[in-house]
Amino acid sequence: MITRPRRLPALLLAVLTLAAAPAARAEPVDSGPQGTAALLAELHTLYERAGAATDAYNATEERLTAQRDRVAELSRRLADTRTELAATRDAIGALAREQYRGGGLILPASLRLLLGSDPDRELAGAAALERAAESAAAALERLETGERHEGELAGEARAALDAQQELAEERERQRDAVTERLDEVETLLAGLSEPELAELSALERTGTARAQEQLLAEGTLGAELSRAPSAEGERALGYAIEQLGKPYAWGAEGPDSFDCSGLTMQAWALGAGRPVPRTSQQQWERLERVPLDALRPGDLVVYFEDATHVGLYAGDGMVIHAPRPGATVKVSPLAANPPLGAVRPDPEAEPLPSWTPPVLPDWASEGEDSGYDHP
């Protein structure tokens with residue numbers, strides 16, 4: 001069930017509330033259209049840097065998770081190898097004790113056969129002795145092989161642990177970078193008055209409307225804006241719709257908050273049951289690309305030259321996305337950010353034979369539209 005979130009003021013004013021304390025700008029804010037445009041460009045630059053840092057953090061987090069799995073697997077294999085070594089050493093010890101208890105001079109089998117009073121018994125004893133020797137030799141070979149394998153695994157485990165530590169440290173550096181970028185946003189916004197924030201918000205909405213009109217006029221989205229999704233695409237879209245109104249949080253994958261690629265990943269993984277890469281850059285690089293004029297609901301629209309933002313196509317020229325800090329998951333025009341292209345997680349799937357677009361709540365498009373933008 002979709003519940004209506006508390007109504008937010010303009011996005012920039014919402015982000016302002018994130019600041020711990022007001023901070024003054026080094027220079028007074030320039031009033032007028034040119035000054036507002038310059039401020040918006042500066043804000044977009046800061047958001048773009050935060051977006052790049054967030055994508056790097058998410059990629060490292062994914063690598064760190066995989067590395068932890070590798071360390072656990074190597075540790076399990078090393079423990080199993082050491083258990084096998086202990087059993088082999090016990091077996092060799094048992095053979096040595098048995099030979100010691102036998103004592104005396106062990107004659108060659110040919111002499112024991114000639115000198116013995118019971119040739120059949122001597123023949124059976126010789127065969128048993130030969131089997132025991134073969135068993136001992138095999139046990140020694142297993143011991144040598146096992147010890148060598150143990151050494152190799154121990155080296156791999158140490159290297160894997162070192163790599164895990166390096167990734168953990170890299171993740172911390174990237175977390176600090178995200179925090180620093182967002183602090184810069186807060187510092188910028190904290191020096192603006194409410195009229196200046198309103199002017200910025202209006203300028204951003206005007207730019208989005210103009211870009212969407214141009215996209216539609218050029219026919220970039222094609223003539224049919226409401227193509228049917230695949231069955232999986234419909235489920236992915238349904239999941240995204242259920243998240244409307246939840247707040248953006250960098251690095252978040254739900255269920256209470258999302259960043260842009262966290263939303264699209266979970267829409268396909270949890271909603272449609274098809275795993276997709278974690279970051280917007282990985283989604284752009286690894287999923288099959290489709291032209292914008294062939295978009296169908298459920299496809300992922302990727303933005304900016306460095307692929308630092310992504311949304312899920314909802315049909316009719318609109319996307320569902322988690323725009324940026326201070327915003328909530330919402331419906332926006334596809335051109336709210338400059339599109340790089342689109343990818344399809346299920347290129348082999350056929351569209352549904354018929355489809356009725358879901359009815360979205362009337363507040364689904366409230367708030368600002370831009371994600372991580374370039375000036």
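Modeller: A crossing of two helices is called right-handed if the near helix is turned clockwise from the far one by less than a right angle, and left-handed if anticlockwise. Please also bear in mind that this is a predicted model.

Colleague: Where does that term apply, and how does α6 pass α7?

Modeller: The crossing in which α6 passes α7 is right-handed. The axes of these two helices come within 8 Å, and they cross at roughly 120 degrees.

Colleague: Are α6 and α7 perpendicular or oblique to each other?

Modeller: They are oblique. Angles of 65 to 115 degrees count as roughly perpendicular, and those over 145 as roughly antiparallel; the crossing of α6 and α7 is at roughly 120 degrees, and the pair is therefore classed as oblique.

Colleague: Which residues meet there?

Modeller: From α6 the contacts involve E232, G233, R235, A236 and Y239, and from α7 they involve Q266, A267, W268, L270 and G271.

Colleague: Let us step back. How many helices and strands does the protein have?

Modeller: The protein has 8 helices and 6 strands. Along the sequence the order is α-α-α-α-α-α-α-α-β-β-β-β-β-β.

Colleague: And what share of the residues is buried?

Modeller: Of the protein's 375 residues, 42% count as buried. As for contacts between residues at least 6 apart in sequence, 76% of them join residues at least 24 apart.

Colleague: What does UniProt list as "coiled-coil region"?

Modeller: The UniProt record, an unreviewed entry, gives that label to residues 57–91 and 126–188. In the model, residues 57–91 are 100% helix and 0% strand, with the end C-alpha atoms 51 Å apart.

Colleague: Where is A163 placed?

Modeller: A163 belongs to helix α4, which covers residues 119–190. With 25% relative accessibility, A163 counts as partly exposed.

Colleague: Turning to charges, how many salt bridges does a search of the whole structure find?

Modeller: The search finds 9 salt bridges. One of them joins the side chains of R274 and E232, at 2.6 Å from N to O. This pair links distant parts of the chain, 42 residues apart: R274 is in the loop between α7 (260–271) and α8 (280–286), while E232 is in helix α6 (residues 231–242).

Colleague: Which side chain meets R278 in a salt bridge?

Modeller: That partner is E253, at 2.8 Å from N to O. Here too distant parts of the chain are linked, since E253 lies in the loop between α6 and α7 and R278 in the loop between α7 and α8, 25 residues apart.

Colleague: Is R278 buried or exposed?

Modeller: R278 is buried, because its relative accessible area is 3% and the cut-off for buried is under 20%. E253, at 32%, counts as partly exposed.

Colleague: What about D80 and R76, and in which helix do they lie?

Modeller: Both lie in helix α2 (residues 33–102), 4 residues apart, which is about one turn of the helix.

Note on methods:
Residues are numbered from 1 along each chain as its sequence is written. This is a predicted model: local features need pLDDT of at least 70, side-chain atom pairs count only at pLDDT 80 or more; totals for chains, interfaces and linings use all residues. Side-chain values use heavy atoms; hydrogens and water are left out. UniProt positions are given in the numbering used here, feature names are shortened, and annotations may be inferred rather than shown by experiment. A salt bridge is a side-chain nitrogen of Lys or Arg within 4 Å of a carboxyl oxygen of Asp or Glu. Buried means under 20% relative accessible area, exposed over 50%, partly exposed in between (1.4 Å probe, protein chains only). Axes are lines fitted to C-alpha atoms, for helices over the stretch in contact, and angles run from 0 to 180 degrees between N-to-C directions. Angles under 35 degrees count as roughly parallel, over 145 as roughly antiparallel, 65 to 115 as roughly perpendicular and the rest as oblique. Contact means heavy atoms within 4.5 Å.
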